[in-house]
Amino acid sequence: MDLNVCIVGAAGDGVKEAGELAAELFAHFGYSVFVYQEYQSIIRGGHNASIVRMSDREINSHRKYFDLMICLEDYAYELYRPYLRGDLIYDTKFKCGGIGIPMTEIIKEEQEPNIFRNAASLGALAAYLDIEFDILERIFSDRFGARAKDDITIAKAAYEYYRSRYDPKMRLEKIGRRKKLVSGAVAIAEGLISAGLTHFYAYPMTPASPILHYLIKKREIVAYQPESEIAAVGMAIGSAYAGKRSATGTSGGGFALMAESISLAGMAEIPLLVIEAQRTSPSTGMATYHGQEDLYFAMHPAHGEFPMAVACPYSVEEAFYLSAELMNIAWKYQIPAILLTDKNLVESYKTAEIERTNLIEEIEIVKSSEGEYMRYEVTESGISKYAVPPAIVKANSNEHDEFGITTDDASVRTQMHEKRMLKENLLREDIRDRAWKFFLKGKDTIVTWGSTFGPVYEVAEELGYRVAVPRYLRPFIKPGLAHAVVVEQNYTGQLAKLLEMHGVEVKRVNKWDGRPFTPDELRELLG
Amino acid sequence: MKSKIEWCPGCGNFGILKAFRRVIERLESEGVKRGRIVSVAGIGCHGRMPDYLDIPTFHTIHGRVLPLMTGIKLANPELLVSGFSGDGDALNEGMEHFIHAAKRNTDVALFLHNNQVFGLTTGQFTATTPRGKKTRTTPAGNPEWPINPALIALVSGATFIARGFAGNVSQLSDLMYDAIKHRGFAFVEILQPCITFNNTWDYYRENVYVAEPAESFDEALKLVSDGVATGLLFRTEKQTFEETLLNSLRVPKKSCERDMRSREFHSDP
């Protein structure tokens with residue numbers, strides 16, 4: 001079974017929440033669920049869509065065409081109608097053919113505001129799928145607790161209305177245990193916490209903000225929104241200097257502001273973790289839409305040469321593990337580390353098993369204030385022992401000697417710069433075996449990165465391709481490939497170009513309209 | 001770890017360094033270990049301070065002294081965090097951080113070396129350069145009116161505002177010490193002659209005077225506006241940023257609570 005449901009309405013209609021609750025409903029029956037949220041940079045009005053796909057096999061994407069559309073506004077209906085290939089449930093306040101439910105009348109009767117039509121739409125959905133109402137009631141209660149009463153009343157009214165006039169279109173059977181639903185943002189945040197995050201600073205920017213929203217509610221984490229992205233990254237560096245695992249998160253524009261401080265972390269050898277959640281660019285682009293245009297920017301974000309790690313998760317589960325892995329790398333090598341992700345991964349929800357656990361790889365930290373500490377001691381590996389106050393530790397953005405004292409001595413500079421750069425080679429060997437993930441078997445290989453993996457994998461399985469995904473983009477490990485089809489969401493083919501530089505012959509498949517690839521589109525392009 | 005001092009002979013920074021070294025000695029004599037006294041510095045002539053101090057330091061990039069100090073204090077409230085910044089560093093590139101640090105009353109002390117000129121980059125105008133002054137980048141005279149940093153600190157919500165003079169080391173040292181002891185955002189503007197590009201030694205020696213602290217905010221507005229008034233200008237009490245933020249969390253906040261009970265520093269645990 002594979003069902004793709006689209007709920008559309010205006011911003012302020014509670015479309016996003018309806019999508020999440022529908023996803024919870026499907027997850028209850030043991031299905032794999034993926035929710036893609038499409039919305040505009042508008043607080044009220046416009047058009048929002050929550051595309052909820054469920055399947056009895058593992059999925060990581062939504063589909064282009066809808067088996068069912070639940071529509072709350074007529075103009076939104078017009079926009080999304082071309083993709084409807086099945087039934088329509090709509091609010092009878094406007095006219096169009098399909099299953100009409102008087103959602104507006106129901107909420108008026110209950111004297112609730114317009115937003116409660118989302119509860120009515122869920123009631124109708126439950127009836128459409130022949131689900132016992134108790135189950136939907138429990139989904140509401142789990143989400144809203146005692147406040148769920150009004151939602152339940154309205155959903156029930158819509159449910160009964162449907163049953164009195166229409167037949168259920170299918171019957172949803174339980175195929176397994178209830179699955180947990182997780183967003184990419186939560187997976188990233190939980191991954192960081194598992195690797196010891198205690199301090200998080202971020203300035204609001206779509207699509208990275210949900211990470212801040214989630215962490216700010218955690219009482220064991222110091223999370224704060226300072227005056228700017230520059231302040232956020234500076235605070236993260238300050239906290240790491242004082243010995244706490246810290247991070248910051250932003251999107252391309254904010255990342256640009258952080259550039260100078262990333263270079264500082266490189267010179268001062270401070271562990272710094274930055275989440276860069278890409279959206280449509282350049283500049284403000286389309287603030288709430290998807291893109292993969294920042295690969296080179298993330299790989300080389302700032303002036304000068306310094307060792308760095310850039311990693312890119314391809315699924316919600318992977319976002320959890322890779323965030324933790326990258327935090328450990330930042331601390332082990334005392335370098336800036338960038339988690340490069342994208343809107344479709346961060347803001348999408350998926351059924352995934354993520355358990356917070358201790359993933360911290362401890363490093364030795366000197367805290368003794370006895371004597372003067374050689375923070376930048378030249379060692380064979382290039383890694384000096386980390387020290388934090390009360391050790392007399394001197395961090396420096398200037399070139400410095402082993403104690404951290406400013407210098408422009410040619411021989412000290414030569415030695416220090418080499419010491420730092422050595423670490424990238426060490427890191428390269430460290431990640432070599434986990435830099436790429438390969439899936440399936442096939443005559444040709446599709447290479448992709450980030451959330452584009454979801455639709456690619458699905459189609460590759462059908463069409464007989466092998467799939468290769470880089471987890472690490474820097475240090476970049478050359479995959480053993482002579483040629484590849486490279487699928488990514490930018491105009492120039494950034495990953496494709498990177499592979500070409502490493503001698504791989506590539507065929508580009510690109511899209512840059514702000515909407516994530518769907519398997520349907522890729523089937524046409526790759527079939 | 002002794003470094004050769006690389007300021008111009010006659011630079012106001014010598015007095016500031018001397019004053020701060022006295023603060024370290026004074027805190028040590030009270031049982032505070034040097035490792036707990038952490039200082040950050042930005043870019044400019046003042047940025048050399050960390051090299052000359054035997055305490056934990058962070059020499060950061062231009063304008064970013066305060067975010068680092070805030071991050072350090074939030075990570076370890078047991079540390080006594082102070083920072084050195086220049087007029088260009090704090091008020092040109094770093095202005096947003098300056099206003100916001102005062103606004104949130106973060107528990108750190110900022111020492112502003114105000115010589116009204118970019119010294120290290122050889123004499124361009126800054127946010128505090130007097131109107132009409134000819135500099136390398138204002139050959140016809142500075143067309144802008146200068147900012148009064150103490151006034152900005154006051155109206156932004158700083159709870160300790162003082163002004164010292166690099167030529168009065170003992171007064172400056174006391175002000176720095178009190179600023180570090182103060183719970184909340186403490187700001188000390190230091191009138192600092194730049195011997196090479198803005199030699200104000202004679203002017204300050206003749207004009208600075210020691211004022212009595214203002215009793216009210218309105219009085220303080222007037223007092224801080226007088227750019228040659230030195231000493232503690234205004235002091236008030238507010239909950240600090242760290243107390244507010246950390247008290248709502250389940251994270252270590254020992255030192256915040258301890259400092260709230262007592263003004264005095266305790267020796268190291």
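1. Contacts of B:G157. Leaving aside neighbours within four places in sequence, B:G157 is in contact with B:A102 and B:K238. Contact here means heavy atoms within 4.5 Å. B:G157 sits in the loop between α5 (149-156) and β5 (160-165) of chain B. Helices (H or I, at least four residues) and strands (E, at least two) are DSSP runs, numbered from the N terminus. B:G157 counts as buried, at 14% relative accessibility. Buried means under 20% relative accessible area, exposed over 50%, and partly exposed in between (1.4 Å probe, protein chains only). Just after α5(B), B:G157 takes a positive phi of about 115°. B:G157 and B:G184 are 27 residues apart in sequence, and their C-alpha atoms are 10.0 Å apart in space.

2. Basis of the note. This is a predicted model: local features need pLDDT of at least 70, side-chain atom pairs count only at pLDDT 80 or more, and totals for chains, interfaces and linings use all residues. Residues are numbered from 1 along each chain as its sequence is written, chains are lettered from A and ligands numbered from 1 in the order in which they are written, and side-chain values use heavy atoms, with hydrogens and water left out.

3. α5(B) is mostly covered, with 6 of its 8 residues buried. They are B:P149, B:A150, B:I152, B:A153, B:L154 and B:S156. At the start of α5(B), a side-chain oxygen of B:N148 reaches to within 3.0 Å of the backbone nitrogen of B:A150.

4. Cysteines. The count is 0 disulfides over all chains. The rule asks for a pair of cysteine sulfur atoms within 2.5 Å. B:C45 is in no disulfide; its nearest cysteine sulfur, that of B:C11, is 6.2 Å away. B:C194 is in none either, and the sulfur of B:C45, the nearest to it, is 6.4 Å away. B:C45 is partly exposed, at 24% relative accessible area. B:C194 is buried, at 10%.

5. Interface area. 42 residues of chain A are in contact with 41 residues of chain B. The two chains bury about 3,500 Å² between them, 61% of it on carbon and sulfur atoms. Buried area is the accessible area (1.4 Å probe) that two parts lose on being put together, summed over both. A:R219, A:E227 and A:K394 supply 18% of the area that chain A buries against chain B, more than any other three residues.

6. The rule finds 1 salt bridge between chain A and chain B. The side chains of A:E227 and B:R104 form a salt bridge (2.6 Å, N to O). The criterion is a side-chain nitrogen of Lys or Arg within 4 Å of a carboxyl oxygen of Asp or Glu. There are also 20 residue pairs in polar contact across the interface of chain A and chain B, both residues at pLDDT 80 or more. A polar contact is a pair of N or O atoms within 3.5 Å; within protein, one must be able to donate a hydrogen and the other to accept it, and residues adjacent in sequence count only if both atoms are side-chain atoms.

7. A:T445. This residue lies in strand β19 (residues 445-448) of chain A. A:T445 is buried, with a relative accessible area of 6%. Its side chain makes a polar contact with the side chain of A:R466 (3.3 Å). Not counting residues up to four places away in sequence, A:T445 touches A:R466, A:V467, A:A468, A:L481, A:A484 and A:V485.
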